[in-house]
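Please look over the sequence and the model shown here before reading the notes that follow. They are grouped by topic.

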Amino acid sequence: MSKTSKTERLELYRDHLVQVLLSKFLVGEIAKLVPVFEPDHGYKYPLIEAILGNPAKVEGFLDRLSKTGILEKELYDKTLHCPSCVSPDISIHYNCPHCGSFNVRKSSLMEHLKCGYIDTEDHFKENGRLVCPRCNKELVEPDRDYRKAGIWCTCNSCKKSFDIPVPSHFCRKCHNDFTFEDATYEDVYSYRLSDGARQEASLGWILVTPIREFLESLNFKVETPGFLKGKSGASHMFDITAFRKDSEDITVIDLATSDNSVPEQPVIAMFAKIYDVSPDKACLIAIPKISENGKKMAKLYNITLIEAKNPKEAVIALKETCIKKMTPEDEVTKVTSNNA
Ligand SMILES: [Zn+2]
Ligand SMILES: [Zn+2]
Ligand SMILES: [Zn+2]
């Protein structure tokens, strides 16, 4: 997941319709978004239509989510559309290469392994048994007595036989006959939530929201993500920025997760930003824990570190370490006891 599209993803996570869809992935209601085929319209994503309330917006919505790396698309099927009426309700005809008729009968070829005689299956059938028309021996066991030897087609119109028919398409709606050459042939995708987005979105939901509400209850003005302009003139993004409404104090909070231990990179990245922005307080929340190097650097850079196994622990720890130092003692106690 590229850093450049992170801003765009964070913007999308704040979109209510995106949240509705992502929450379905996050709670396990859907694992994979699969299209549903309707003969009149082709492939549809009914769930997305229901969320957006407008079928015309579905394609652009899914496109944006996959381009920013939130959803991962996978080729699910290909659709053919009639070149004349655009209907997706198409059948395949297998035609006679001699006269072009689709009135073709398909049969299986059989070989009597002992004598090598090959003919269509129906020539072997005799009163419910299989008998070789050449040597009159009965065939009982597949692969020992006989084997399938491909297919054989016979044209009911010109009576000629052949082994490879010529395919064409028939539109069930306007009855147009057309070839692959003239058809519209399009990709259809299924979608999954990407691992990166699952992590980011989980943070957004499970972590950012309670922290935001907690800070707001303490009379902070909170932005998630928050953008601050540095001395250099560059704008920096933090997962959370909080301002006291009654003072100029700025607190910045970043979140970092890892499968086992968060490396020092998020600490370094945060230091680069706070060096330019100079907030009053910087706090990094590492889930589930941080590496020894990361710990040392955080201390060196004066970044308050919170290690928590899960989002709930993170919020409790934040109340105890970070917030205590930036709010009057009594306010923290009050909120903590209310939420206990
Ligand atoms: Zn048609
Ligand atoms: Zn024919
Ligand atoms: Zn035989």
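An open sheet is formed by 4 strands in the order 6-5-9-10, with antiparallel pairing, where strands are DSSP runs of E with at least two residues and helices are DSSP runs of H or I with at least four, both numbered from the N terminus, and two strands pair if DSSP finds at least two bridges between them. Strand 6 (118-120) and strand 10 (161-162) stand at the edges with a single partner strand each, so one side of each is left without a neighbour in the sheet. This is a predicted model, in which local features need pLDDT of at least 70 and side-chain atom pairs count only at pLDDT 80 or more, while totals for chains, interfaces and linings use all residues. Residues are numbered from 1 along each chain as its sequence is written, and chains are lettered from A and ligands numbered from 1 in the order in which they are written.

**Strand pairing**
- Strand 5 (residues 104-112) pairs with strand 6 in the antiparallel sense over 3 bridges, and glutamate 111 stands opposite isoleucine 118 in strand 6.
- Strand 4 (residues 90-95) and strand 11 are paired in the antiparallel sense over 6 bridges, with isoleucine 90 opposite cysteine 171 in strand 11.
- Strand 11 and strand 12 run antiparallel and are joined by 2 bridges; here histidine 169 stands opposite phenylalanine 178 in strand 12.

**Histidine 175**
- Histidine 175 lies in the loop between strand 11 (166-171) and strand 12 (177-178), and in this hairpin, which has 5 residues between the strands, histidine 175 takes a positive phi near 65°.
- Histidine 175 is exposed because 10 other C-beta atoms lie within 10 Å; a residue counts as exposed at 12 or fewer such atoms, as buried at 20 or more and as partly exposed in between, with C-beta atoms placed from the backbone.
- From C-alpha to C-alpha, histidine 175 and lysine 114 are 48 Å apart in space and 61 residues apart in sequence.

- In helix 1 (residues 6-13), the buried residues are Arg9, Leu12 and Tyr13. They cover an arc of only 100° around the axis, which puts them on the same side of helix 1; the arc is that of the directions from the helix axis to the C-beta atoms.
- The domain assignment, automatic or from a database, gives domain 1 (6-21 + 29-85 + 184-193), domain 2 (97-164) and domain 3 (197-339).
- The contact between domain 1 and domain 3 takes 7 residues from each, two residues being in contact if their C-beta atoms, placed from the backbone, lie within 7 Å.
- On the side of domain 1 that touches domain 3, helix 1 gives the most, with 4 residues.
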